[in-house]
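Biologist: I'd like a close look at one part of this model, the pockets and the helices around them. Can you walk me through it?

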Amino acid sequence: MSETTKAPAAGAGSVGLVQTRLQDIQLPPEGLRLECGRSLQPIQVAFETYGKLSAAKDNAILILHALSGDAHAAGYHSTEERKPGWWDLMIGPGKSFDTNRYFVICTNVIGGCKGSTGPSSVNPATGKPFGMTFPILTIADMVKVQKLFLDQLGIGRLLSMAGGSMGGMQALEWILRYPDQTRSAIIIASTAKSSPQSIAFNEVQRHAIVTDPNWAHGDYYAGTKPETGLAIARMIGHITFLSEESMNQKFGRRLQNQAEYSYEFTREFEVENYLHYQGTQFVQRFDANSYLYILKAMDYFDVAQDWGEGSLARACARVQAKTLVVSFTSDWLYPSQQSKDLVKALRQNNKDVSYLEVQSSAGHDAFLLESPAFHQAVDSFLDNLYRREAGA
């Protein structure tokens with residue numbers, strides 16, 4: 001069932017050449033009922049798989065991506081591709097998500113723009129892209145579709161699931177909504193609810209997009225795209241992914257290709273140039289409307305409200321999965337205290353939860369980078385689980 005083939009030039013630990021595939025989700029005639037009260041159909045999911053599904057179908061791990069991620073989590077789409085999938089550090093033979101052991105699955109969330117149904121998809125009722133007629137989504141809606149997708153693969157219960165940032169939100173929603181469908185979950189650099197600060201940053205990013213004159217109320221697909229607004233939004237978001245220490249280390253107050261101040265409104269500092277580069281690169285691979293929808297889904301996320309009548313401890317009483325929660329000391333987007341609050345709520349219910357706070361200067365994006373302590377924690381967590389519950 002693997003969609004992986006070996007690339008001739010693939011190095012040790014690489015899954016090699018991979019292919020993103022598309023799956024139509026089987027739905028009732030009325031479509032999928034969303035949290036907003038509307039229905040959506042048809043639904044298509046983009047996905048990649050790595051490794052081999054066991055005969056008992058008991059070695060599957062679901063990887064859940066963050067805000068701007070996609071299904072391409074590891075390996076290469078071609079021998080010309082320069083960068084591997086976004087979590088290639090973690091997925092492959094001998095890596096934390098060891099494809100010699102595990103069948104690793106990564107899907108693109110609905111609302112995205114990398115193959116799964118979203119605002120840029122064609123509305124069958126009009127023959128044109130949905131744009132802003134696409135229904136508002138929640139993290140719960142994303143998880144519901146993932147569950148339907150796994151059902152179609154014949155995977156009734158996951159060995160584990162893992163995600164950072166918004167991926168961690170999905171993992172938490174999974175173990176609350178489907179408590180008997182996964183043996184374990186790894187929740188990384190995430191939170192049980194979006195804070196007012198996070199919502200505020202998200203709103204500023206949305207405002208940058210919707211005030212771009214080319215946004216055209218989301219109906220821009222046949223014309224000029226709102227690239228300036230999306231680039232600014234990404235620049236704002238990228239600042240929250242870093243930390244003050246990492247920015248000092250990377251850039252300091254160094255000037256870009258000059259020795260003295262110009263006393264003009266130009267990009268003088270290296271950090272300015274870096275942010276503009278990030279914005280320019282982002283608009284080449286992401287859809288502005290998808291960015292709006294996914295940010296909004298994150299804003300609505302609050303499991304205490306959804307599952308515990310306002311109490312996180314009451315919500316966590318539903319959890320059956322063994323859980324590993326990881327945070328990073330320099331993450332100020334989802335600071336460690338938010339992870340500690342989740343761990344406390346789980347422990348109040350005597351749940352099987354482990355917690356690691358990783359010393360790091362890299363900020364929120366630390367989970368995407370090389371981190372021996374983090375990788376070792378995931379290795380040990382999965383190895384113990386695999387040996388005990390998968391019978392290896």
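Biologist: How do the residues of the lining of the second largest pocket divide into nonpolar, polar and charged?

Modeller: Keep in mind that this is a predicted model. The lining of the second largest pocket splits into four nonpolar, five polar and three charged residues.

Now for the largest pocket, with about 1500 Å³ of space. It has 46 lining residues, and Lys-83, Trp-86, Arg-234, Arg-285 and Leu-368 lie nearest its centre. By class, you get 20 nonpolar, 16 polar and 10 charged residues in that lining. Helices H3 (196-210), H4, H5 (244-250), H6 and H7 (288-300) each put in at least two residues.

The axes of H4 (residues 227-241) and H6 (residues 270-283) come within 8 Å and cross at roughly 125 degrees, which makes H4 oblique to H6. The crossing is right-handed. On the H4 side, the contact includes Arg-234, along with Leu-230 and Met-235 among others; on the H6 side, Tyr-274, Leu-275 and Phe-282 are among the residues involved. Sorted by class, this contact has eight nonpolar, five polar and two charged residues.

Key
Residues are numbered from 1 along each chain as its sequence is written. This is a predicted model: local features need pLDDT of at least 70, side-chain atom pairs count only at pLDDT 80 or more; totals for chains, interfaces and linings use all residues. Side-chain values use heavy atoms; hydrogens and water are left out. Axes are lines fitted to C-alpha atoms, for helices over the stretch in contact, and angles run from 0 to 180 degrees between N-to-C directions. Helices (H or I, at least four residues) and strands (E, at least two) are DSSP runs, numbered from the N terminus. Angles under 35 degrees count as roughly parallel, over 145 as roughly antiparallel, 65 to 115 as roughly perpendicular and the rest as oblique. A crossing is left-handed if the near helix is turned anticlockwise from the far one by less than a right angle, and right-handed if clockwise. Contact means heavy atoms within 4.5 Å. Ala, Val, Leu, Ile, Met, Phe, Trp, Tyr, Cys and Pro count as nonpolar, Asp, Glu, Lys and Arg as charged, and the others, Gly among them, as polar. On a 1 Å grid over the protein atoms alone, a cavity is a set of points where a 1.4 Å probe fits but cannot get out, and a pocket is an open set with protein on both sides within 12 Å along at least five of seven lines; lining residues have an atom within 4 Å of a point. Grid points are joined across faces, edges and corners, and a volume is the space filled by probe spheres set on the points.
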